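Subject: Model handover and notes

Hi,

Here is the model you were expecting. Please open it next to this email and read the notes against it.

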Amino acid sequence: MSDLAIETDGLVKVFGANRAVDGVDLRVPAGTVYGVLGPNGAGKTTAVKMLATLLRPDGGSARVFGRDVVRDADAVRDRVGFIGQYASVDEDLTGTENLVLLGRLIGFTRPAAKERAAQLLAAFGLAGAADRQVKNYSGGMRRRIDIAASLLNVPDLLFLDEPTTGLDPRSRNQVWDIVRAVVAQGTTVLLTTQYLDEADQLASRIAVIDHGRVIAEGTKGELKASVGSGSVHVRLREAAQRPDAERVLATELRALVQLDPDPVALTATVNGHGTDLGAAEQAARALAELARAGITVDNFALGQPSLDEVFLALTDGRDEGRKGTEA
Ligand SMILES: Nc1ncnc2c1ncn2[C@@H]1O[C@H](COP(=O)(O)OP(=O)(O)OP(=O)(O)O)[C@@H](O)[C@H]1O
Ligand SMILES: [Mg+2]
């Protein structure tokens with residue numbers, strides 16, 4: 001028995017001339033949340049659909065709990081649940097009707113389906129909306145009923161494709177709580193997301209994919225460390241001094257400096273290349289250099305790089321090709 005929920009070797013999917021998934025190797029430990037992070041068109045949905053047996057690979061191989069997704073597709077299907085990026089419940093039915101119908105389809109008796117539906121609606125905070133048509137649900141309620149539908153039978157492996165895209169912060173938090181609860185019951189979750197904070201919140205390991213390839217993989221800590229040992233955030237008194245501050249920081253830290261949307265703020269990574277100074281020491285020297293250059297700094301912080309910074313550093317300068325790969 002393998003303790004890997006998912007194992008892929010050189011997985012490939014080709015659409016015409018577009019290698020949407022271009023040789024992906026993944027190892028997903030059972031019992032964890034694994035994050036697949038990437039921008040629009042990176043190949044996330046395509047990869048997940050192959051693992052969920054909804055799409056046939058064109059190359060390489062994939063096993064789910066040791067079973068091949070092509071040769072043993074039925075065995076795989078018995079153990080996985082898939083919640084797509086685009087919802088699957090029927091708009092015209094109520095919450096209860098949807099769950100009862102889907103429960104009947106997977107073999108529940110009518111009373112058992114009704115009982116399970118009521119349980120799930122209560123657990124997902126939808127009891128009050130149970131008898132309303134799903135088309136009148138908010139986006140967050142809609143996402144919750146989707147997830148509830150996939151948990152009629154609790155699967156051993158649940159694929160969540162961008163579960164919180166378009167939700168407000170409160171609804172996102174509710175979905176995150178649901179994911180945590182599902183994992184606490186022993187289900188492995190593979191989650192795709194474009195949101196770095198979502199992967200940060202939920203996943204124990206993360207694969208970053210871009211143009212159909214894994215460009216980085218590891219724990220959150222490993223990914224952050226691969227980019228730099230620290231991240232310096234500076235707030236200036238005057239926006240006019242920002243170009244000078246950018247130059248000083250770039251020289252002192254020998255790093256890429258990012259200009260924040262806020263016109264007085266900048267962020268730089270401390271990468272430790274070419275120096276044996278610690279991150280805090282390097283940051284302190286950079287701060288002293290800013291003062292020497294007559295730049296007034298109102299606020300200064302040194303922290304771990306965010307996953308956003310990790311992603312920018314990993315994909316830096318590679319955005320050109322993406323336009324041509326969008327369908
Ligand atoms: N059925 C299809 N036919 C042709 N091309 C497709 C098909 N599905 C996906 N593609 C292409 O494959 C590439 C990967 O798409 P995919 O949907 O897997 O990306 P994604 O990472 O899920 O993006 P998003 O974050 O926008 O959902 C894109 O270039 C897309 O246009
Ligand atoms: Mg997608």
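First, the ground rules. This is a predicted model: local features need pLDDT of at least 70, side-chain atom pairs count only at pLDDT 80 or more, and totals for chains, interfaces and linings use all residues. Residues are numbered from 1 along each chain as its sequence is written, while chains are lettered from A and ligands numbered from 1 in the order in which they are written.

**Whole chain**

The chain has 12 helices and 14 strands. Both are DSSP runs, numbered from the N terminus: helices are H or I with at least four residues, strands are E with at least two. Along the principal axes, the C-alpha atoms fill a box of roughly 75 × 45 × 40 Å. There are 327 residues, and 39% of them count as buried. Buried means 20 or more other C-beta atoms within 10 Å of the residue's own; exposed means 12 or fewer, and partly exposed is in between, with C-beta atoms placed from the backbone. Now the contacts with a separation of 6 or more: residues 24 or more positions apart account for 68% of these. A contact here means two C-beta atoms, placed from the backbone, within 7 Å.

**Sheet with S1, S2, S4 and S5**

This is an open sheet of four strands, in the order S2-S1-S4-S5, with antiparallel pairing. Two strands pair if DSSP finds at least two bridges between them. Strand S2 (18-29) and strand S5 (67-68) are the edge strands, and each pairs on one side only. S4 and S5 are joined by two bridges in the antiparallel sense. Look for Arg63, which stands opposite Asp68 in S5. Helix H1 lies across strand S1 (4-15), S2 and S4, and runs at about 120° to S1. Angles run from 0 to 180 degrees between N-to-C directions; axes are lines fitted to C-alpha atoms, for helices over the stretch in contact.

**Sheet with S11 to S14**

The order in this open sheet of four strands is S12-S13-S11-S14, and pairing is antiparallel. Strand S12 (257-259) and strand S14 (297-303) are at the edges with a single partner strand each, so one side of each has no neighbour in the sheet. On average, neighbouring strands are turned by 20° against each other, direction ignored. S12 and strand S13 (residues 265-270) run antiparallel and share three bridges. Leu259 has Leu266 in S13 as its bridge partner. Helix H9 (residues 242-253) packs on this sheet and touches strand S11 (230-236), S12 and S13; its direction makes about 5° with that of S13. Helix H10 (residues 279-292) lies across S11, S13 and S14, at about 165° to S14.

**H5 and its two partners**

Start with H6. The axes of helix H5 (residues 139-150) and helix H6 (residues 169-184) come within 9 Å and cross at roughly 15°. That makes the two helices H5 and H6 roughly parallel. The cut-offs: under 35 degrees is roughly parallel, over 145 roughly antiparallel, 65 to 115 roughly perpendicular, and the rest oblique. From H5, Gly139, Gly140, Arg143, Arg144 and Ile147 meet Ser171, Gln174, Val175 and Ile178 of H6. By class, the residues of this contact are three nonpolar, four polar and two charged. Nonpolar covers Ala, Val, Leu, Ile, Met, Phe, Trp, Tyr, Cys and Pro; charged covers Asp, Glu, Lys and Arg; the others, Gly among them, are polar.

Now H3. Helix H3 (residues 95-105) packs with H5 at an angle of about 25°, their axes 10 Å apart. H3 is therefore roughly parallel to H5. Gly95, Asn98, Leu99 and Leu102 in H3 meet Ile145, Ala148 and Ala149 in H5. The contact of H3 with H5 has five nonpolar, two polar and no charged residues.

**Two loop residues**

Thr53 is not a glycine, yet it has a positive phi of about 65°. Thr53 is in the loop between helix H1 (44-51) and strand S4 (59-64). Thr53 has 20 C-beta neighbours inside 10 Å, so it counts as buried.

His211 also has a positive phi, near 50°, in a residue other than glycine. Its loop runs between strand S9 (205-210) and strand S10 (213-219). His211 counts as buried because it has 20 C-beta neighbours inside 10 Å.

Best wishes
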